[in-house]
Structure formats: structure tokens, C-alpha cells
Amino acid sequence: MDHSVYIPKLAKIIQVKEEVGGARAIKTFRTVFANGQGFDHRCGQCAMLSVFGKGESMISISSSPLVKDYLQFSILKMGRVTTALHEMEVGDLIGIRGPYGNGFPIDDWKGKNLLFIGGGIGLAPIWSVLQTALTRKEEYGNLTLIYGARTSKDIVFKEELADLKKKMTVFLSIDVAEPDWEEFVGFVPQNVSDKKPGPANTIAITCGPPIMIKFVIKALKDLSFEDEQIYTTVENKMKCGIGKCGRCNIGLHYVCKDGPVYSWAELKKLPQEY
Ligand SMILES: Cc1cc2nc3c(=O)[nH]c(=O)nc-3n(C[C@H](O)[C@H](O)[C@H](O)COP(=O)(O)OP(=O)(O)OC[C@H]3O[C@@H](n4cnc5c(N)ncnc54)[C@H](O)[C@@H]3O)c2cc1C
Ligand code: FES
């Protein structure tokens, strides 16, 4: 049997940026492949990152496919592999195999308004498609981001978001009030209901904790979005990433191959076990 599909490509870390500190630390890594052995990816695709002696984790590629100089990953410190990744520095080598998954159908969305709704580390899978749409702004309608985190310290891409506000509509939120916070206070779905984005010619893309996604979808439905206008990602635990091990299934669907991107219309038809 040919096991080559499981062999990671060697990549060097060229930049590490601390996004969030503390117990739920998030770092953003930029990597380049050794020996020019890289791959092209689509917005919303993932890659399996490996640390020697620790294991592998599936992580969304947060850089746009239009960026050819590096691959970017934003990683929440969770357990064995992600902790080992957080201990790595510029110049260290990791393994990367992929890209995996279907990605967002961004070409089908040309001419439409795009409404991005993210929570916490959920901005990472959104970032790739958001940056791509922003670079090709003339091909899309209005671009809007509604993003929230538990506290102001938990917000990722802080400098980038400040810059983004000059280029598109950005609404931020934190869960509980803080003295210097001037934007919305409350959960992300409440901010969606508060800002009342209209469904006309609009695609909504939402990524974040499952509980946030559930209530964002409810808020969008209350605003008369159709199921076909709402897209999200399913982050079931994954092992092989290539539809072989059965770890990520929802019914007959292999989320690693058929997903992780689904419209709400597609997701509703699947068994409710995610
Ligand atoms: C399609 C996809 C895209 C992802 N994108 C990102 C990303 O961009 N950035 C990021 O930080 N993380 C992302 N994740 C989650 C990431 O894969 C897990 O957090 C990571 O595998 C944990 O690995 P670990 O070895 O550090 O933790 P482990 O030691 O394996 O586990 C630590 C704890 O986390 C739980 N856990 C592990 N994986 C998951 C999971 N998928 N869902 C819920 N709980 C889990 C375990 O049950 C355990 O309680 C993504 C997952 C998927 C499936
Ligand atoms: S992760 Fe193995 S089948 Fe999806």
C-alpha cells in the first residue's frame, strides 16, 4: 500500500505572532515549504500540521490563496499538538500535508454582498475568504464583518482589524463590558440582530464555536436569510483528513472531504450529530 498521502511536507516557520495570551492563547504562524514542495489551496481549506514526536492537528489555512509567499495558520492552544506548536519559534520545522476539504464557493458569490460573522478563533477560516474578496473587491458587493470575542484581549488580528475598518464595514463585540470599549457589548448573535444586515443579494459566512453558529443562524433566519444564503464550517475531530478513517463522519459524509464548508441548506439535511 502506498502511504505517501500521509507523508507531510517539511515547512519552516518564518514568523510567529502572539494574538492572544493567557489560558486560551492564540498564535499566528507563517510558514514556507522547504525545497519548493508546496501546494496551492482554496479559501476555507485546511492542512494537517505535524510536530515530530507529538502528532498532527487539522488547522484552517488563514492566508488567502492569492498570497504565494507563505501559508498562514492561527492556532488556539488546546492540547498536545497545539501546545507543542505554541512552543515553536522562527526557523523551526514542522510537517504540513494537504490541502484538505472543499473550501468556500467564492467564485459562485461574485456580484453578491458578503457578510462575515465570526467568533474567537473562528475568524481564522473566515480570514482567507475575507482577504481574497477584499483583494478582488470590484468582483463583489458590500463586504461586512461582524466579529466578537469574550474580552478585548481575546480578539485576534487586532492590528489587521483596525486597518480593515478603513476598507470595509466592521462591527466588533465583546461579551462583557470593559471601561474603554466603545463598540457592542453582548454575544455575536445579539450583535447580528442589533445591526440587522439585510438578506438581499447577500451570502452570510459564519465560523466560531458551535453554540455561536447555532444562534447566529437563528438570528439570520429571523432577518429572513434563506438556508442557501448561509455558509458555515464543521470542525469535527479529524485523523486522516482524506476520507479513510471515518473519524469525522456525519452520516455518510466525510467532513474532511465533503466539508468542512456547508451551506445551512446542506447541513440541515444531514443527521444532527455534529
Ligand atoms: C476542519 C478543522 C479546522 C480547524 N481549524 C483550526 C484553526 O484554524 N485553528 C485552531 O486553533 N484550531 C483549529 N481546529 C481545531 C484543531 O484541529 C484542534 O483544536 C486540535 O486538533 C487540537 O489538537 P491538540 O493535539 O492540541 O489537542 P488534543 O490533545 O488532541 O485535545 C485537547 C482537547 O481538545 C479536544 N479537541 C481536539 N480536537 C477537537 C476538535 N476538532 N473539536 C473539538 N474539540 C477538540 C480534545 O477532545 C481534548 O479535550 C480545526 C479543526 C478542524 C476539524
Ligand atoms: S478524518 Fe479520516 S475520514 Fe475524515
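**Helix pair.** I started with α4 and α5, whose crossing is right-handed. (A crossing is right-handed if the near helix is turned clockwise from the far one by less than a right angle, and left-handed if anticlockwise.) The axes of α4 (residues 188-195) and α5 (residues 210-222) come within 8 Å and cross at roughly 15°. Axes here are lines fitted to C-alpha atoms, for helices over the stretch in contact, with angles from 0 to 180 degrees between N-to-C directions. So α4 and α5 are roughly parallel to each other; angles under 35 degrees count as that, over 145 as roughly antiparallel, 65 to 115 as roughly perpendicular and the rest as oblique. Helices (H or I, at least four residues) and strands (E, at least two) are DSSP runs, numbered from the N terminus.

**Ground rules.** I noted that this is a predicted model, where local features need pLDDT of at least 70 and side-chain atom pairs count only at pLDDT 80 or more, while totals for chains, interfaces and linings use all residues. Residues are numbered from 1 along each chain as its sequence is written, chains are lettered from A and ligands numbered from 1 in the order in which they are written, and side-chain values use heavy atoms, without hydrogens and water.

**Ligand 1.** Which residues come nearest to ligand 1? Of the 19 around ligand 1, they are Met58, Ser74, Leu76, Thr82 and Lys237 (near means a heavy atom within 4 Å). Next I checked polar contacts, pairs of N or O atoms within 3.5 Å. An oxygen atom of ligand 1 sits 2.7 Å from a polar backbone atom of Leu76, and an oxygen atom of ligand 1 is 2.9 Å from one of Val81. I also found a nitrogen atom of ligand 1 at 3.2 Å from a backbone N or O atom of Glu235. Alone, ligand 1 exposes 880 Å², and the protein buries 73% of that (Shrake-Rupley method, 1.4 Å probe). β4 (55-60), β5 (71-76) and α1 (80-86) each give two or more residues to the shell, and β4 gives the most, with four.

Most residues other than glycine have a negative phi, and most peptide bonds are trans. Yet the bond from Gly98 to Pro99 is cis, with omega near 0°, and Pro99 is in strand β6 (residues 93-100). I also logged Phe157, whose phi is positive, near 55°.

Note on methods:
A polar contact is a pair of N or O atoms within 3.5 Å; within protein, one must be able to donate a hydrogen and the other to accept it, and residues adjacent in sequence count only if both atoms are side-chain atoms.
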